[in-house]
Amino acid sequence: CALPIYLSALETQFNEDPSNIDVMIQLVDGYRRQQRFEEAVTVAKKTQASHPNDVMVLHMVGDIAMEGRLYDDAIQAYRDAIVANESPGNVNKLISGLINADRLIDALKEADDAIAKYPDFLDFYMSRGRINTLLGEYDAARADYQSYLDRAPEDAIFRKDAQQALDQLSQ
């Protein structure tokens with residue numbers, strides 16, 4: 001019973017100042033715990049309007065929307081994060097979101113573009129390998145995993161995963 005009272009107090013605080021990120025985070029967390037994802041996304045978007053280029057808030061909107069299977073909202077938030085701060089990490093977040101939303105053709109296009117723009121950001125080869133595997137393009141997937149292994153240092157975080165994926169595709 002305490003959660004609705006707690007949420008009610010947070011809603012009041014949020015309505016008084018929707019730009020308050022701390023209150024927004026607490027309110028969104030409360031909504032998420034109750035599986036109220038649309039309300040959580042709406043709250044996060046209101047805060048995001050006050051902080052239009054805040055990548056953390058944009059990622060929060062995207063992550064909450066993704067968790068609630070509100071894929072269009074999630075993908076838009078990830079795209080907005082790239083506009084706010086174009087970086088390989090933000091692009092990779094978009095690609096992961098597209099994969100999770102089962103928008104594999106869009107994910108493949110984004111991965112291709114990302115590799116062309118950031119050829120040394122090796123995570124993109126892993127992402128594209130996963131996409132190609134899901135699409136049944138096994139030769140392309142093997143090439144992506146091999147590209148990762150060829151470029152990655154010996155202690156690279158995904159080296160073991162790339163080798164396992166390559167081994168599975170070679171069976």
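Mentor: Let's start with a word we'll need a lot: contact means heavy atoms within 4.5 Å. By that rule, and skipping neighbours within four places in sequence, Ile 64 is in contact with Val 28, Arg 32, Phe 37, Ala 40, Val 41 and Ala 44.

Trainee: What should I know about the model first?

Mentor: It's a predicted model, where local features need pLDDT of at least 70 and side-chain atom pairs count only at pLDDT 80 or more, while totals for chains, interfaces and linings use all residues. Residues are numbered from 1 along each chain as its sequence is written, and side-chain values use heavy atoms, with hydrogens and water left out.

Trainee: How many helices and strands does the protein chain have?

Mentor: There are 10 helices and 0 strands. Helices are DSSP runs of H or I with at least four residues, strands are E runs of at least two, and numbering goes from the N terminus. Read from that end, the elements go α-α-α-α-α-α-α-α-α-α. The C-alpha atoms fill a box of roughly 55 × 30 × 30 Å along the principal axes.

Trainee: Why does Thr 47 count as buried?

Mentor: Buried means under 20% relative accessible area, exposed over 50%, and partly exposed in between (1.4 Å probe, protein chains only). Thr 47 has 0% relative accessibility, so it counts as buried. Thr 47 sits in helix α3 (residues 37-50). Beyond four places in sequence, Thr 47 touches Phe 14, Pro 18, Ser 19, Ile 21 and Met 24.

Trainee: And Glu 110, what makes it buried?

Mentor: Its relative accessibility is 17%, which is under 20%, so Glu 110 is buried. You'll find Glu 110 in helix α7 (residues 104-117). Setting aside residues up to four places away, Glu 110 touches Arg 79, Leu 94, Ile 95 and Leu 98. Across the protein chain, buried residues make up 44% of the 171 residues.

Trainee: What makes Gln 35 and Arg 69 exposed?

Mentor: Gln 35 has a relative accessible area of 56% and Arg 69 has 63%. Both values are over 50%, so both residues are exposed. Gln 35 is in the loop between α2 (21-33) and α3, and Arg 69 is in the loop between α4 and α5 (71-84).

Trainee: Last one: what makes a set of residues a nonpolar core?

Mentor: A nonpolar core is a set of buried Ala, Val, Leu, Ile, Met, Phe, Trp, Tyr and Cys residues joined through side-chain atoms within 4.5 Å. The largest one here has 55 residues. Met 24, Ile 64, Ile 95, Ile 131, Tyr 145 and Tyr 148 touch the most other members. In soluble globular proteins, nonpolar side chains tend to be buried together.
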